[in-house]
Amino acid sequence: MNQEKSTQLLSPTEQFSVLLSSTPRGARLARLLATEWMRTREMPHRVTEAAEHLVAELAANAATHGRLPGRDFRLVLQARRKTLRIEATDTRGDDLPRSLPPALDAESGRGLLLVEALADRWGVELGPVPRKTVWAELDLLLHP
């Protein structure tokens, strides 16, 4: 079995990490796995609901805009005392996300607006080359 592609619980209560294909199927699987991980930790429903949308958007962006042939993306969820951190790492460090208002008739381009609306904080970290990680955080104490 290929360890790189398997689901890995690095710490049963704190972190989840998985490497997924940079495809729409990989992005859907990211959301399903994240939802199950949060459910088994009995996170508050409002946190889980917001996190599902954040995972869906970050994974879709990694699979679409961060896609390079033969390269996967990594999804990481970290539950800390007061924060849930969601990370999507891809291999397109040269293509940083930009939050621009979409045209009124555009069918896409609103994803980062959704991330800004749902996350308490979000950002981008570069490296190691050629990677970038787009992350979003939810404050657990503010989401009863």
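This is a predicted model: local features need pLDDT of at least 70, side-chain atom pairs count only at pLDDT 80 or more; totals for chains, interfaces and linings use all residues.
A residue counts as buried here when its relative accessible area is under 20%.

**Strand β3 and its partners**

Let's stay with β3 for a moment. Strands β2 and β3 run antiparallel and are joined by 7 bridges. In this pairing, V18 has L75 of β3 as its bridge partner. On to the next partner: β3 and β4 are also antiparallel, with 6 bridges between them. Here R74 stands opposite T89 of β4.

**The nonpolar core**

Which residues have the most contacts inside the largest nonpolar core? They are W37, L75, L84 and I86, in a core of 32 residues. Elements giving two or more residues to this core are the helices α1 (24–40), α2 and α3 (111–118), together with the strands β2 (15–21), β3 (72–79), β4 (83–90) and β6 (132–139). The largest share, 9 residues, comes from α2.

**Helix α1, side by side**

Helix α1 has 17 residues, which at 1.5 Å a residue should span 24 Å; its end C-alpha atoms are 25 Å apart, in agreement with that expectation. Its buried residues are G26, A27, A30, A34, W37 and M38. Why do they belong to the same side of α1? Because they cover an arc of only 105° around the axis. As background, an α-helix has 3.6 residues a turn, so residues three or four places apart point the same way. On the other side of α1, P24, R25 and R39 are exposed. Just after the helix, E42 takes a positive phi of about 55°.

**An aromatic pair**

How many aromatic pairs does a search of the whole structure find? The search finds 1. F16 and W37 form this pair, which is tilted, with 6.3 Å from centre to centre and 35° between the planes. The two residues are 21 residues apart, with F16 in strand β2 and W37 in helix α1, so the pair links distant parts of the chain. F16 is buried because its relative accessibility, 3%, is under the 20% cut-off. W37 is buried too, with a relative accessible area of 3%.

A50 sits in helix α2 (residues 45–64). Beyond its neighbours within four places in sequence, A50 is in contact with L118 and L138. The C-alpha atoms of A50 and L138 are separated by 8.3 Å, although these residues are 88 residues apart along the chain.

E137 belongs to strand β6. Is this glutamate buried or exposed? At 9% relative accessibility, E137 counts as buried. Leaving out residues up to four places away in sequence, E137 touches R80, T83, L84, R85, A119, D120 and R121. L84 in that list is also one of the residues with the most contacts inside the largest nonpolar core.

| Residue | Relative accessible area |
|---|---|
| F16 | 3% |
| W37 | 3% |
| A50 | 10% |
| E137 | 9% |

Conventions: Residues are numbered from 1 along each chain as its sequence is written. Side-chain values use heavy atoms; hydrogens and water are left out. Helices (H or I, at least four residues) and strands (E, at least two) are DSSP runs, numbered from the N terminus. Buried means under 20% relative accessible area, exposed over 50%, partly exposed in between (1.4 Å probe, protein chains only). Contact means heavy atoms within 4.5 Å. A nonpolar core is a set of buried Ala, Val, Leu, Ile, Met, Phe, Trp, Tyr and Cys residues joined through side-chain atoms within 4.5 Å. Rings of Phe, Tyr and Trp (its six-membered ring) pair if their centres lie within 6.5 Å; planes under 30 degrees apart count as stacked, over 60 as edge-to-face and the rest as tilted. The expected span of a helix is 1.5 Å times one less than its number of residues. The arc is that of the directions from the helix axis to the C-beta atoms. Two strands pair if DSSP finds at least two bridges between them.
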